[in-house]
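Here is a friendly note to read alongside the model. Please keep the structure open and look up each residue as we come to it.

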Amino acid sequence: FRRVLFRSILTKEQFLNDIQTIYNFISNRKDEINKLYSYLENNEIDKLTIVDELAKNLNLKNITDETRLALITRIVSLRDDSLVQILKKENFNDKQIIEAQEIAYQFAKDYWIDLHKQTVEYIEENNLLTPFYQAVFRGVYEVGINMSKWQTSWTAHIINDINKTLLAQFDGDDSKVMKFLEDEKLFDLGHGGITADRCYSALMINDKNNLKSAPYVEVFKDDVNSVINILEIFVDRLMDLEDEVYNQKWEHIQYLQALIVAYSERRCEKLVHYWAEVDRAWMKLTTPIQIGHPLEYYEDHFRKAVALEWDIRLSNPQAQEDNKRDSIVKAMATNIFEELDTNDAHKDIFDFSMKSMDKVQLYLGRPALFFGAEFNGLFSAQVVPNDEIVSKEEGKKIFAFSDEILQGQRAKPFLKLSQEFLGQEFLTVDRNFTFKEEAAWHHVYDITTIGHEFGHILWCDEDTETVMNKTANFKNIEEFKATSGGLVAFFLNNDEQELEEHVIMDSIKRAIGLIGWMEVDEVQPYYCEGLIHLDGLFTTGVLTWENDSLTIDRSQYKIDVLKQWYINTYKNLALHYLEKKDALEFLNIYARKEGKYYLPTNPTIKSFVEFYFNRYKEIGQELDLSDKKENYLN
């Protein structure tokens, strides 16, 4: 009672203590959820009733441990690539797989929405935070329910109808699809009337049986109006409350009102403008409780229709110390630019990205509530907004979720696929590091993942993506650009070299593991990134593939050669960006499309990728019982 009475004088320190309490609640509950993995590892099948329920919903008959692992991964880790492989093994056709993916989405959505409801109720029942921020959590939750309903029709219409129809119409040729969309003026217009690098609209059939661009509020009328109605209720609630801790009441209200205006806009040519206003308002929110909004556009390969992300990201009060990654990446970029552009022909682009770097807000934490597209997979980190005009004015926000990632890595079972390709010696070193060296693990995450997010910012100005994306491949080299930027910054920085072995091992693991995403269209950029990494690993002899056997050479000589490969390749890529050449020109050095998917240009690497992917399909979900987590727990 005393705390309720004096809620208006809650100090920032008390508020951060409440955030820590919520953070711990979410973390502890995720440990409980992750036990589904350990039940499978320990053969406690009777405790996997939720998995049996999902299997029944999907009409799966042959329930093996592989099937159970794929279903747990769909529920817990929110990824369905393993599930798709299981469905293919059970001879589901393409239509049946799409239907099964939707059933699994609905199942995961219901499961997590119930968990999010518990989080909101925990905050309210324990009177944590202030009434204002309790209302923020409640409002985000209620909007999220509606966003999640909309996700179903968004995916059905854009991904599984329009995009598949366009691909079939042009015989699977991405370039022809892009040319058609450009010729028919079916992209949104951005700042200054130029073609935008993303869309806040969808395609639909007009009265003349032709395609036309239409705003979300027209294509998904009922869904969008439901979201708008809840946003308006959300605003009304905040109007009656005060933010005594951070004094950002009006920043929140202006942000939500900007969302309402953007969702309500019916003129396609104004959509980018009004969503830029959303980004501007959002950049002014600087509290440890950050509401997200639709920002990313990986799913839609052609028009980059922005996906329905909606969430609250919660900062970890114990992890907000000064981060130096930005200065390390900036120092690297400055050195590279001085070598590349001695005549300052592209200095305006370099200056543009440096100014964005200077204004970055960094938030270290974890997702607290998440909805919509995020039930199809959460990010390990994110840099936003993508609107470079807004970024030039306001900078960017980087979110990094290392606690979530480490928790997940420790929970997932050991797999035969890893044992077969990486070998026990490699895995033992890596697992000891993951389970026993938490501070160093977070440092490697900082180098690789936060470095990756800062790497996204470099070498781009307001029209870089539009100009380089004529063949729909910008994202397919952008992820490598980001990762290699973080790596090169680390290689050129002499202060962190004690972590070199683990950074290199992480890169090897990542490059090989990304092969498993070959057939998952929405993460094609990461698969393509992996192919470029593999070129470096094989070219330098760190990896060798002979007689269907992979050898990993982590000797210092090979690592030094690999580091130089990264530096040289990154310089070439940075120049490619500065000159705004089409992304496909760079990608085709390392990979070319064969049928539906990209494969390495190097015959040896291609042989390895095809072999690995076949083994992934055959044994990708089989547990490795030859090693135990108990061997690594203190």
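1. Let's begin at the end of a helix. Just after α24, K580 takes a positive phi of about 55°. Helix α24 itself covers residues 556–578, and its 23 residues should span 33 Å at 1.5 Å a residue, which agrees with the 33 Å between its end C-alpha atoms. The expected span is 1.5 Å times one less than the number of residues. Helices (H or I, at least four residues) and strands (E, at least two) are DSSP runs, numbered from the N terminus.

2. A word on the source. This is a predicted model, in which local features need pLDDT of at least 70 and side-chain atom pairs count only at pLDDT 80 or more, while totals for chains, interfaces and linings use all residues. Residues are numbered from 1 along each chain as its sequence is written, and side-chain values use heavy atoms, with hydrogens and water left out.

3. L78 has a positive phi of about 65° although it is not a glycine, and L78 is found in the loop between α4 (65–77) and α5 (81–89). N247, also not a glycine, has a positive phi near 55° and lies in the loop between α10 (221–239) and α11 (249–264). Is each one buried or exposed? L78 is buried, with a relative accessible area of 1%, whereas N247 counts as exposed at 64%. Here buried means under 20% relative accessible area, exposed over 50%, and partly exposed in between (1.4 Å probe, protein chains only).

4. Next comes a proline. The peptide bond from V384 to P385 is cis, with omega near 5°. You will find P385 in the loop between β6 (381–384) and α15 (388–394).

5. Now follow the chain into α11. This helix has 16 residues and reaches 23 Å from its first C-alpha to its last, close to the 22 Å expected at 1.5 Å a residue. Its buried residues include H252, I253, Y255, L256, L259, I260 and Y263. Against which elements do the buried residues of α11 pack? They pack against α7 (131–169), α9 (216–219), α10, α12 (268–283), β3 (289–291) and β4 (309–315). An α-helix has 3.6 residues a turn, so residues three or four places apart point the same way.

6. How many aromatic pairs does the structure hold? There are 45 of them. Rings of Phe, Tyr and Trp (its six-membered ring) pair if their centres lie within 6.5 Å; planes under 30 degrees apart count as stacked, over 60 as edge-to-face and the rest as tilted. The rings of W517 and Y526 have centres 6.1 Å apart and planes at 85°, so this pair is edge-to-face. W545 and F608 are edge-to-face too, at 5.1 Å centre to centre and 70° between the planes. This second pair links distant parts of the chain, 63 residues apart, with W545 in strand β8 (residues 543–546) and F608 in helix α26 (residues 603–619). W545 is buried at a relative accessible area of 8%, and F608 is buried at 0%. Elsewhere, ring pairs link Y105, Y111, W112, Y141, F370, F371 and F375 into a cluster.

7. Charges can meet rings as well. A charge sits over a ring if NZ of Lys or CZ of Arg is within 6 Å of the ring centre and within 35 degrees of the ring normal. R313 lies over the face of F399, at 4.4 Å from the ring centre. The charged end of R431 sits over the ring of F414, 3.6 Å from its centre.

8. Leaving aside neighbours within four places in sequence, E41 is in contact (heavy atoms within 4.5 Å) with A411, P413, F414, L623, L625 and K629. E41 and P413 are 372 residues apart in sequence, yet 6.7 Å apart in space, C-alpha to C-alpha. At 21% relative accessibility, E41 counts as partly exposed.
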